[in-house]
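Hi,

Here is the structure we talked about.

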Amino acid sequence: MNPIRPVGTAAEREREPEPQRVPRQAPQPRWETSRQPAGPAPAERPAPPAPRQEAEPEPVHEPATQSPFDAFGLVAPPPEAAPSATAGPPAGVTTPAAPPAPSAPAAPPAAQAPATAAPSLATLAATGPSDAGASPDAILIRRTMAEIEPVADKVTSYFYALLFVQHPDLRALFPASMDAQRDRLFKALLTAAQHVDNGKVLTEYLSQLGRGHRKYGTQADHYPAVGECLLSALSRYATSSWSPEAEGAWVRAYTAISQIMIDAAAEDEAVAPAWWQAEVVSHELRTPDTAVLTVRPDQPYPFRAGQYTSLETPWWPRVWRHYSFASAPRSDGLLAFHVKAVPAGWVSNALVHRARPGDVLRLGAPGGSMTVDHSTAGGLLCVGGGTGIAPIKALIEDVADHGVRRPVDVFYGARSDHDLYDIDTMLRLEQTHPWLSVRPVVAIGPGTRGGPGTLTGQLPDAVRQYGPYHAYDAYLSGPPGLIRSGVEALMGVGVPAERIRHDSIEELVSTGD
């Protein structure tokens, strides 16, 4: 079998070009660290029972990103998902078959350009790939994937069994429950394989993921082990399409994928920690299943209003979930999050029902591009459903901090009047800023908490009652279903597709964990 060669940064490869055996790695650093919050330890609380395994959709920013090698850095959108309207170059852009060059070093989060959307494979999946004009490697990879797709469960089981038997030290990098990881792994590989020629988008996307995977304790030497087990699993089950040529194509593809992520992680290591520790300083239960948490990071945390972060609790090690920042950057450095506990939500239930002041969480690097372009003075149309109102609130504060009077129209949706948990805050902001308009929308009426202007019905339908919004930038935040229906509604009221900003669908889709 051809070796998986990429280990180390570009500079290290110049000094040591020959591949090395993967040494045994120490387990991921333990949760306990020397930096603990001051003051007495909080009273011990009984651990919550493990949530039901039945998967139900979770709210915004709680995707099941559970391992450092989750889909080898690629997340496949569901078949019915609409592509992100701001998700990079159009599909079908091809590059030579040679591995894509590593991306340039990423700018610090605070310096990211507001008008640039985060790379997303939803763009690639928007149009089906064709063998016409495809590179020889891409054709060979797609043939392999077509053969193993009907037996993906067996291939995945064999891959993990082989990985953990041959490299038991890597098991510590993964969460205890592997069910969700197994289901998504080869779906994501299929998407990557079908679009292996689109080097530009893959490079951007994989660089971002390589930086994010630092929080799992992923090391450069881990990637060859994963690649070798992947090839072994494919060769075992793709008996008809596997050949020396197919093996070579997979080696080259995986080499390119892993090296992009390795180089991005090395570049990021020079400017940012792998994670931040953050002490909970306040925990406010707004409804029986919705809480507002404020945390204090152990060192400055640069981010922009509208972004989100990945979050890990001490009760579920190695299980990370995404949550939006509920405020713009503050002078005191505190960060706020809105969390709704949902059935089968391990992290969300822990944050809502167990977390208390004094508890210490861990934060990954910020992500997302749903940020305001302050180089323009056009209006903002903001649509937030449920806890999706959190980043909308942050965007309003961001506009206010910049002192530009630009119209901001907000549609705040919830299932019922009771679920408008942050309506008082939003109405206070409306009273403070004459350029801000807030329209509460409840699916099940009547609605009284939002005042006489409360609308009844579905949030996308409420947006359609107003407009047009031809000169507005639109911001959409909420569960995946709202994103899909909301994009159509926003375009219906005159917002051009390229001016609709939301986090990519695949980042929002969760398996309910």
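Rings of Phe, Tyr and Trp count as a pair if their centres lie within 6.5 Å, with the six-membered ring used for Trp. Keep in mind that this is a predicted model.

By that rule, the structure holds 12 aromatic pairs. One of them is Tyr160 with Phe164. Their centres are 5.7 Å apart, with 35° between the planes, and the pair is tilted. Both residues sit in helix 4, which spans residues 152–166. They are four residues apart there, so about one helical turn separates them. Tyr160 counts as buried because its relative accessibility is 6%. Phe164 is at 18%, so Phe164 counts as buried too; the cut-off is under 20%.

Another pair is Phe325 with Phe337. Here the ring centres are 5.5 Å apart and the planes meet at 40°, so this pair is also tilted.

Last, charges over rings. Lys215 lies over the face of Trp320, 5.3 Å from the ring centre. Arg439 lies over the face of Tyr466, at 4.0 Å from the ring centre.

Best wishes

Methods:
Residues numbered from 1 in each chain as written. Predicted model: local features only at pLDDT ≥ 70, side-chain atom pairs only at ≥ 80, totals over all residues. Heavy atoms only, no water. Phe/Tyr/Trp six-rings, centres within 6.5 Å; stacked < 30°, edge-to-face > 60°. Helix = DSSP H or I, 4+ residues; strand = E, 2+ residues; numbered from the N terminus. Buried < 20%, exposed > 50% of the residue type's maximum accessible area, 1.4 Å probe, protein only. Lys NZ or Arg CZ within 6 Å of the ring centre and 35° of its normal.
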